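Reader: I have a model open and would like to walk through it. Can you take my questions as they come?
Author: Go ahead.

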Amino acid sequence: DIRLAERVKALTPSTTLAITAKAKEMKAKGIDVIGLGAGEPDFNTPQHIIDAAFQSMNEGQTKYTPAGGLPALKDAIIAKLKDDQGLSYDRNEIMVSSGAKHALYTLFQVILDENDEVIIPIPYWVSYPEQVKLAGGKPVYIDGKESNGYKITAEQLQTAISERTKALILNSPSNPTGMIYSKFELEAIAEVCLKNNILIISDEIYEKLVYGSSRHISIAELSPEIKDQTIIINGVSKSHSMTGWRIGYAAGNKAVIKAMTDLASHSTSNPTTTSQYGAIAAYMGTQSPVEEMREAFEKRLEIVYDKLIAIPGITCLKPQGAFYLFPNVKEAALKTGYQNVDEFAAALLEEAKVAVIPGSGFGSPDNIRLSYATSLDLLEAAVERIHTFVDSKL
Ligand code: PLP
């Protein structure tokens, strides 16, 4: 037997993966399952990006790049941050990574010492706590209350801070809730972080997927002082439907970026060269496919949201961004005879043949997460199945 490292034994397996595997198994048996678990856009990458990647390979750009990314890609990211956020960065304040997830992983590795604390708002994206723990850090959770749009307040943040607090993670628009922090809310949080010298990790991966009158604001925009204390995490995965290309970035303090780049030089060497050329085209080329995809998501949201909240026992805050619905289904679960939402979600898969992700994996056991990154036909059919299922058990 090979003894595995303690750090791996502490890893929590992903609930998302368990449900997805079960749904796949059922599909393989010929069962007609509709999967609403997806965490990625269902569109192909825009053609001009694919073309640019091919072209770079044909021109012989198939070798290592600098560990922190191609200078041309850093410049494209710098231009994007200037255009979208009005923020100025130098090349030594940008690190290109193999996806936003890897930027986050590398960031925790370079800022955390044993037992340093990172404040994570609930509901959270599943990888945050695991990545913090892998770096020896300690997640400290704050409850984003449903009554406050699943967002934390400055007061809650203040009470969670200790001498060991190193950083706060903000994810707006949020996976799984789809909620967005307003400028007013961000200002209050920024003030607490400045006062207590806490690094802000701002995961803005869903920035481009914003609906109605909602607007995405990066906390780094609030003042030069806040910008200095913020590391922005972003990438092309969700904005340009490029999840498989694995390109993300971190922007912020140059000492942190240098440490991250040094670490990457010994782990990945560099993000895939071809993908970096694709990402340059993504940022420098037309943004109309980004807007088209956003519009498609918004249309689905409008249709499916109304159908979802018509189901007895299900309530749902209307998402402002991303591509998830995060309804509270506790009442529906209890009234249809289940002990909890995990059991209800399992029954939805077994009996209604709809795969959803139980909220417990996001620290929010009364909810389920439904992704609308799938066709309108399938979405409508799935919500209808859930409705029929609930009605049949009442
Ligand atoms: N951050 C959040 C909140 C996400 O939901 C995801 C992807 O699911 C990521 C980061 C990672 O994105 P990437 O594909 O660029 O690694």
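**Walking through the model**

Author: D262 sits in helix α10, which covers residues 254–265. Bear in mind that this is a predicted model.

Reader: Is D262 buried, exposed or partly exposed, and why?
Author: D262 is partly exposed, because 14 other C-beta atoms lie within 10 Å. Buried would take 20 or more, and exposed 12 or fewer.

Reader: And how far is D262 from F362?
Author: Their C-alpha atoms are separated by 32 Å, and the two residues are 100 apart along the chain.

Reader: Back to α10. What does that helix pack on?
Author: Let me start with the sheet. It is an open one of 7 strands, in the order β2-β8-β7-β6-β5-β3-β4, with mixed pairing. The edge strands are β2 (94–97) and β4 (138–143), each of which pairs on one side only. On average, neighbouring strands of the sheet are turned by 20° against each other, direction ignored. Helix α10 packs on this sheet and touches β2, β7 and β8, and its direction makes about 30° with that of β2.

Reader: How is β8 held between its neighbours, in terms of bridges?
Author: On one side, strand β7 (residues 230–235) is joined to β8 (residues 248–251) by 4 bridges, and the two run antiparallel. There, G235 has G248 as its bridge partner, and N234 has Y249. β2 is also joined to β8 by 4 bridges, again antiparallel.

Reader: Which residues of β8 are on which face?
Author: G248 and A250 are on one side, Y249 and A251 on the other. All of them are buried, and both faces of β8 are covered. In a regular strand the side chains alternate between the two faces of the sheet.

Reader: What does β12 pair with?
Author: β9 (residues 324–325) pairs with β12 in the antiparallel sense over 2 bridges, and Y324 has S371 as its partner there. β11 (residues 357–358) is joined to β12 by 2 bridges as well, also antiparallel. In that case P358 is the partner of I368.

Reader: Changing topic: the ligand. How many residues surround the ligand, and which are the closest?
Author: 13 residues surround the ligand, and the closest are G99, A100, K101, N175 and S237. The shell divides into 3 nonpolar, 8 polar and 2 charged residues.

Reader: K101 is in α5 too, I think. What does K101 meet in the α5 and α6 contact?
Author: K101 is one of the α5 residues in that contact, along with L104, Y105 and F108. On the α6 side are S127, Q131 and V132. The residues of this contact divide into 4 nonpolar, 2 polar and 1 charged.

Reader: What is the geometry of the α5 and α6 pair?
Author: Two packed helices are described by the angle between their axes and the distance between the axes. For α5 (residues 100–111) and α6 (residues 127–134), the axes come within 8 Å and cross at roughly 35°. The crossing is right-handed.

Reader: What about phi at Y150 and K353?
Author: Most residues other than glycine have a negative phi, and most peptide bonds are trans. Y150 has a positive phi, near 60°, and K353 likewise has a positive phi near 60°. Y150 is in the loop between β4 and α7 (154–160), while K353 is in the loop between α14 (341–352) and β10 (354–355).

Reader: Buried or exposed, or in between, for those?
Author: Y150 counts as buried because it has 22 C-beta neighbours inside 10 Å. K353 has 19 inside 10 Å, so K353 counts as partly exposed. The cut-off for buried is 20 or more.

Terms used:
Residues numbered from 1 in each chain as written. Predicted model: local features only at pLDDT ≥ 70, side-chain atom pairs only at ≥ 80, totals over all residues. Near = placed C-beta within 6 Å. Nonpolar A, V, L, I, M, F, W, Y, C, P; charged D, E, K, R; others polar. Axes fitted to C-alpha atoms, helices over the stretch in contact; angles between N-to-C directions. Left-handed = near helix turned anticlockwise from the far one by under 90°. Contact = placed C-beta atoms within 7 Å. Pairing = 2+ DSSP bridges.
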